[in-house]
Each structure stands twice: as C-alpha cells, then as structure tokens.
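Trainee: I would like to go through this model and ask what lies behind the terms used for it.

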Amino acid sequence: MESEQTLEVLQYYRHDLMNHLQIVQGYLSIGKAEKAEAKLKESMDHYNEERKLMSLNAPMFILWLIRFNTTYMNLRITYQIHTDNIDLRRIDKQLVEQCQDVITSLVKATDDTELYDLTLELNEIKKSSQIKVSLFIDEGDRLKLNLDQMEQNKTVHVNEITSGILCEFSIPCKV
C-alpha cells in the first residue's frame with residue numbers, strides 16, 4: 001500500500017474514532033448516561049466486528065471494506081462477519097471483484113443526492129466449503145436496479161424483498 005493510501009486510512013480511522021468519542025462526550029455533558037453507554041456499546045460492537053474482519057487474512061477485501069464509506073459519498077456500509085480465524089487469502093481478489101461488481105451496479109441505480117444504507121454479511125458455509133456474501137440495501141424500493149444486467153452475472157443472486165434488495169453470491173473456498 002502506498003504511503004498516501006496508508007495516511008488516508010489512518011485519517012479515516014482517527015476521524016471515525018473522534019466522532020464516536022464526541023458523541024459519547026456530548027451525551028455525558030447533558031446527563032444522558034444511558035445514551036452514552038449505548039453509544040459505547042455500539043462502538044465496541046463495531047470494533048469487535050472489525051477484529052473479526054482483520055482475522056480473515058484477506059488484505060484487499062479488508063482495505064476495500066474499511067475505505068468503503070469514504071469512497072462512496074452516498075453509500076454507507078456496515079458489516080457482520082460470521083466466522084473467526086479463517087484464511088481467505090486465496091480468494092481475496094475474487095471477493096473484492098465480486099463485491100465491486102455489485103456496488104458498481106448499485107451506484108448506477110442510486111440518486112447521488114440520497115444516502116443509502118448497506119449491510120454486508122460474510123458467512124462461512126462449512127458443509128460446501130464456501131464463503132457466502134450477502135449485501136442488503138435498505139429501502140431498496142427507491143432503486144431501479146438493472147436486474148437483467150445483474151442476472152447476466154450468474155454468480156450474483158438478486159432478490160427484491162419488502163424492506164430492500166438482497167444481493168448474494170458464494171465463492172468456493174477450502175476452509
């Protein structure tokens with residue numbers, strides 16, 4: 001990673017951490033200890049997910065996910081990693097490329113003036129030795145995705161559900 005990219009990630013980290021701390025400080029200054037405690041728990045949950053992300057041994061994917069919210073101005077992503085201590089180095093590049101394909105289709109369908117919330121879940125399917133990636137777009141009814149284009153990419157399954165759009169794909173991986 002270039003030094004400029006490293007600095008960018010560190011700046012993002014510092015900014016994000018300061019935001020969390022300022023919110024906690026703000027709640028405490030107005031006597032809202034319960035809200036401060038809830039924000040601290042939310043922050044600790046986030047950093048626990050990040051710990052699981054870091055244990056994937058997939059540097060390209062980790063960097064892509066950490067930089068996501070600063071790369072896309074109208075998309076905000078949260079993630080949940082439902083596996084621990086798995087080595088995804090062999091599928092690292094493929095993981096990023098397939099996620100990027102889904103995001104590229106989403107970007108084409110979004111309104112630049114609106115903010116969209118996404119949730120990425122990564123699950124280990126031990127029975128079939130696969131990694132399953134689910135990307136949920138909240139309030140996806142605001143989007144008009146080109147489902148035909150996405151369906152041409154047979155590796156991504158797109159489902160429109162009542163609260164949004166769910167895009168899923170799996171990658172074989174010896175776990």
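This is a predicted model: local features need pLDDT of at least 70, side-chain atom pairs count only at pLDDT 80 or more; totals for chains, interfaces and linings use all residues.

Trainee: What makes β2 and β3 a pair of strands?

Mentor: Two strands pair if there are at least two bridges between them. Strand β2 (residues 116-125) and strand β3 (residues 130-138) have eight bridges, in the antiparallel sense, so they count as paired.

Trainee: Why are β1 and β4 said to stand at the edges of the sheet?

Mentor: The open sheet has five strands in the order β1-β2-β3-β5-β4, with mixed pairing. β1 (75-82) and β4 (157-161) each have a single partner strand, so one side of each has no neighbour in the sheet. On average, neighbouring strands are turned by 20° against each other, direction ignored.

Trainee: Which strands does helix α4 touch?

Mentor: Helix α4 (residues 92-109) packs on the sheet and touches β1, β2, β3 and β5 (164-172). The direction of α4 makes about 160° with that of β5.

Trainee: Why is α1 called roughly antiparallel to α2?

Mentor: Helix α1 (residues 3-29) and helix α2 (residues 33-54) pack at about 160°, with axes 7 Å apart. Angles over 145 degrees count as roughly antiparallel, so α1 is roughly antiparallel to α2. The crossing of α1 past α2 is left-handed.

Trainee: Which residues make that contact?

Mentor: Among them are Tyr13, Leu17 and Ile23 of α1, and Ala36, Leu40 and Tyr47 of α2. The contact residues comprise 11 nonpolar, three polar and four charged.

Trainee: What does UniProt list for residues 2-55?

Mentor: Its unreviewed entry gives "domain: SpoOB alpha-helical". In the model, that span is 91% helix and 0% strand.

Key. Residues are numbered from 1 along each chain as its sequence is written. Side-chain values use heavy atoms; hydrogens and water are left out. Axes are lines fitted to C-alpha atoms, for helices over the stretch in contact, and angles run from 0 to 180 degrees between N-to-C directions. Helices (H or I, at least four residues) and strands (E, at least two) are DSSP runs, numbered from the N terminus. Angles under 35 degrees count as roughly parallel, over 145 as roughly antiparallel, 65 to 115 as roughly perpendicular and the rest as oblique. A crossing is left-handed if the near helix is turned anticlockwise from the far one by less than a right angle, and right-handed if clockwise. Contact means heavy atoms within 4.5 Å. Ala, Val, Leu, Ile, Met, Phe, Trp, Tyr, Cys and Pro count as nonpolar, Asp, Glu, Lys and Arg as charged, and the others, Gly among them, as polar. UniProt positions are given in the numbering used here, feature names are shortened, and annotations may be inferred rather than shown by experiment.
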